[in-house]
Amino acid sequence: MGWYCPRPADHSSSILSIFRVQRGSRPVPTVPLLRGHAARFTMAAMTGRNADRRRGPFRAGERVQLTDPKGRQYTISLTEDGYFQSTRGSFRHSELIGAEEGTVLTTQEGRHFLALRPLVSDYVLSMPRGATVIYPKDAAQIVHMADVFPGARVFEAGLGSGALTLSLLAAVGDEGQVLSAERRPEFAEIALGNVSSWFGLQPPQWSIEIGEAEQILASRPQGAFDHVILDMLAPWELIAAATHALRPGGVILAYVATTTQLSRFVEELRECGCFTEPSASETLVRTWHLEGLAVRPDHRMIAHTGFLAVARRMAPGNTPLTPKRRPAKAAYAEPLVWEEELAERGISPKKLRRVRRDVAHRADVEETGTSVPGRHGREIRDRIECELQEREDQA
């Protein structure tokens, strides 16, 4: 399962070099803390650096969100030699570099574009993704329902593309800790690139481990975490490990897509007897049309994306209170049997390679301010070629 692909010496400092796995060994590399100047990169400094990057005139290498009069949005990375072209108009990136945020740019065709830096809610929906992202509406609910406070110690099972991680890191602050577990090194690679791109550098209070989330969580000391956030296919498989790793009063939260997953997770939490009575919810967001006296709901909305189930860890030796309400007659009329076959939604290797190249190219653009391929692009090219060659050798 694991493999090691040698890299040229001049690429060793790339963010991708941490995902090296020795052949035949269990793949559990951990993202190391940054050293030297980067080791002094506290959350306060990171916030300041990130704030400086999000203020002032537009600079080469940063993201800009363009909006046309019909509300269509385009996210681009500015480069000194870049050129934006669409059916709605075209212009050179140099016309925006040095302009203030909120500028309305007029193209030679007479079309207009409003230029702003994207918000985090815009970024997570436009960033390269290998796995489906958690929508901003759900990420906001997770942070507040789980009460992820500054200084919290959070375990995240299922890193995906890093969308939720952005919100968790912002919530825990410089004194907190976020440990993300991900089974697939390719997804962790994409998430690391997305998070590092947003904050400017890899946050030192964030670490990634590649492997089974259950084993990673169970290996931590008892009561090591304040929150366990589960974004995975079968979150009930981690209940025992979460019971061990959560402190008394700690929060376990699962994000699931179907009612079958929701029911099974909640019933197994109850059967465990170590958590309070679970609660569940979903969030629906409906925008409104506002034009004079024509005030009405829009015809489209962001409806169901997932369910959130939340419970809290009981103190050892205590049992949860039993609800006094009478269940529906058919609720437990038959033994609870979950026959649904759960399977992860696959992603084609070709698409995954393209996303990885996009992440590496964005890192080069942010580093150099030009569209010329750089060291990150060369590194991912060498890595993918090595993977394909190894796959051919094994065939």
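Figure 1. R270 forms a salt bridge with E267, and the closest N and O atoms of the pair are 2.8 Å apart. In this model, which is predicted, R270 and E267 both belong to helix α8 and stand three residues apart, about one turn of the helix. Side chains of opposite charge can pair when their charged atoms come close.

**Figure 2. The salt bridge between E209 and R220.** The closest N and O atoms of E209 and R220, which form a salt bridge, are 2.5 Å apart. This pair links distant parts of the chain, with E209 in strand β9 and R220 in the loop between α6 (213-218) and β10, eleven residues apart. E209 has a relative accessibility of 9% and therefore counts as buried, whereas R220, with a relative accessible area of 22%, is partly exposed. The structure holds 18 salt bridges.

Figure 3. E367 forms a salt bridge with R375, for which the closest N and O atoms are 2.9 Å apart. E367 is partly exposed, with a relative accessible area of 43%, and R375 also counts as partly exposed, at 22% relative accessibility.

**Figure 4. The open sheet of seven strands.** The strands of this open sheet follow the order β9-β8-β7-β10-β11-β15-β12, and their pairing is mixed. Strands β9 (206-210) and β12 (279-281) stand at the edges and have a single partner strand each, so one side of each is left without a neighbour in the sheet. On average, and with direction ignored, neighbouring strands of this sheet are turned by 15 degrees against each other. Strands β7 (residues 153-157) and β8 (residues 177-182) pair in the parallel sense over five bridges, and within this pairing V154 stands opposite V178 in β8. Strands of a sheet pair through backbone hydrogen bonds, either parallel or antiparallel.

**Figure 5. Helices α3 and α8 against the strands.** Helix α3 (residues 136-145) lies across β10 (225-230), β11 (246-256), β12 and β15 (307-312), and runs at about 10 degrees to β15. Helix α8 (residues 259-272) packs on the sheet as well, where it touches β10, β11, β12 and β15, and its direction makes about 5 degrees with that of β15. A139 is found in helix α3 and, at 4% relative accessibility, counts as buried. Leaving aside residues up to four places away in sequence, A139 touches I134, L164 and S167. The C-alpha atoms of A139 and S121, which are 18 residues apart along the chain, are separated by 9.6 Å.

**Figure 6. Strand β6 and its antiparallel partners.** Strand β6 (residues 112-116) has a covered face, made of F113 and A115, and an uncovered one, made of H112, L114 and L116. Strand β1 (residues 63-67) pairs with β6 in the antiparallel sense over three bridges, and here T67 stands opposite L114. Strand β5 (residues 103-106) also runs antiparallel to β6, to which four bridges join it, and the bridge partner of T103 in β6 is A115. The hairpin of β5 and β6 has five residues between the strands, and in this hairpin G110 takes a positive phi near 85 degrees.

**Figure 7. A nonpolar surface patch that includes L114.** V104, L114 and L116 make a nonpolar surface patch of about 220 Å². L114, which lies in strand β6, counts as partly exposed at 32% relative accessibility. For the protein chain as a whole, the exposed surface comes to about 20,700 Å², of which carbon and sulfur atoms supply 52%.

**Figure 8. A363 in helix α9.** A363 is found in helix α9 (residues 349-368) and is buried, with a relative accessible area of 16%. The C-alpha atoms of A363 and G200 are separated by 10.0 Å, although these residues are 163 residues apart along the chain. Among contacts in the protein chain between residues at least 6 apart in sequence, 67% join residues at least 24 apart.

Conventions
Residues numbered from 1 in each chain as written. Predicted model: local features only at pLDDT ≥ 70, side-chain atom pairs only at ≥ 80, totals over all residues. Heavy atoms only, no water. Buried < 20%, exposed > 50% of the residue type's maximum accessible area, 1.4 Å probe, protein only. Helix = DSSP H or I, 4+ residues; strand = E, 2+ residues; numbered from the N terminus. Pairing = 2+ DSSP bridges. Axes fitted to C-alpha atoms, helices over the stretch in contact; angles between N-to-C directions. Contact = heavy atoms within 4.5 Å. Patch = residues over 30% accessible without salt bridge, like charges linked within 9 Å, V, L, I, M, F, W, Y side chains within 5 Å. Areas by Shrake-Rupley, 256 points an atom, 1.4 Å probe, with all protein chains shown as cover. Salt bridge = Lys/Arg side-chain N within 4 Å of Asp/Glu carboxyl O.
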